Amino acid sequence: MPSLKEIKNRLTSVNSTRKITSAMKMVASSKLHHAQQMIENMLPYETMLEHILKTFLASEADATTVFNVERPVKRVALVVYASNSSLCGGFNANVIRLLQHIVDEYSEKLGKDNIIVYSIGRKVAEKTAKMGLHVAGDFTGLAEKPNVKQCIEIAREIGQKFVSGEIDRVEMIYHHFKSAGSQILTRKNFLPIDITEELKRDRSRDLNSTVTSKEAQEYLKKKASVQEQKQEENVRPLNDNFIVEPDMNTVLSQLIPKYLHLMLYTALLDSIASEHAARMVAMQTATDNADEILRELNLQYNKSRQQAITNELLDIVGGSVNN
């Protein structure tokens, strides 16, 4: 059995660790709230652009552009989102595992030399370097400070390579942020874009809460659905009577690149929010584990102290009897 001093030293160590994990959980919660606000500020633009594209597709189903033309895949690009730092549970490990799976899948068909990776986040950049893949550039700064302009530049570069035939397919790997307690690892085609399929994808997000427990999430979801029903009763439909000039394909050729910029930026914001949510959950779990260890150590310390007192009393009683 460890001595009282050893138990006391471990108590001090675990308590210090608990203070750190608790502080990191609060910091992650604050950053998550900020990331949720950034997504919320972006949503009106996304909603309107989505509405316009849906209207155009409904009016002319055969509209095509160079960005949605399927062709034989000879070279592929992967846009992968991860984080710059650790201590966020399985967030980075899940992304890297899916990246490895996709690379193995394409390596068999195309060879590793025909795979280009746009790595956003230091963790995935380090992994791609170890795997010997061709990295398109250094975008690690985006994982901490999202920048619309840089996302537009990346999307424009990818779009130009796709149009020129340097790349035949582009895929994205990121975490879709649904709520503080749920982040879904997503593999999605970026180019060629299937507009109809893209507009049907799940966009539901809980941007008002940092609660991670399942019961609380279910309660908030039911409450939100009731509020949405009330809002739908009062919402007026938008005017869909658009006049398209000069023609549908020309307008789509302008709108779809903007939509591609938005897809990259939305995935970036989703990934950042998912990272903070994962870190918050991981730090909360670490704090709870530290509390449990402290309870066990306190119990062990009290038992050992009581045993030491009992032994001293027995020594005193035994000495007095012998005398």
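Among contacts in the chain between residues at least 6 apart in sequence, what percentage join residues at least 24 apart? In this predicted model, that share is 80%, where contact denotes heavy atoms within 4.5 Å. Residues are numbered from 1 along each chain as its sequence is written, and side-chain values rest on heavy atoms, with hydrogens and water left out. Because the model is predicted, local features require pLDDT of at least 70 and side-chain atom pairs count only at pLDDT 80 or more, whereas totals for chains, interfaces and linings use all residues.

The chain comprises seven helices and five strands, these being DSSP runs numbered from the N terminus (helices: H or I, at least four residues; strands: E, at least two). Their order from the N terminus is α-β-α-β-α-β-α-β-β-α-α-α. Of the 323 residues, 40% count as buried, a class defined by under 20% relative accessible area, with exposed set at over 50% and partly exposed in between (1.4 Å probe, protein chains only). The mean pLDDT, the predictor's confidence in each residue on a scale from 0 to 100, is 83 for the chain, and 85% of the residues reach 70 or more. Among the elements, β1 has the highest mean pLDDT (95) and helix α6 (residues 214–234) the lowest (53). Over residues 231–237 pLDDT stays under 50, and the model has zero contacts beyond four places in sequence for this stretch. Where pLDDT is low, the predicted coordinates should not be read in detail.

Beyond its neighbours within four places in sequence, Val79 is in contact with Tyr118, Ile120, Ile158, Val170, Glu171, Met172, Ile173 and Leu264.

Ser271 lies in helix α7 (residues 248–322) and counts as buried because its relative accessibility is 3%. The C-alpha atoms of Ser271 and Ser83 are 8.2 Å apart, although the two residues are separated by 188 residues in sequence.

Two backbone features are located in loops. The peptide bond from Leu191 to Pro192 is cis, with omega near -5 degrees, and Pro192 is found between β5 (182–191) and α5 (195–199). Leu87, in the loop between β1 (76–81) and α2 (91–110), has a positive phi near 60 degrees; this residue counts as exposed because its relative accessibility is 51%. Most residues other than glycine have a negative phi, and most peptide bonds are trans.
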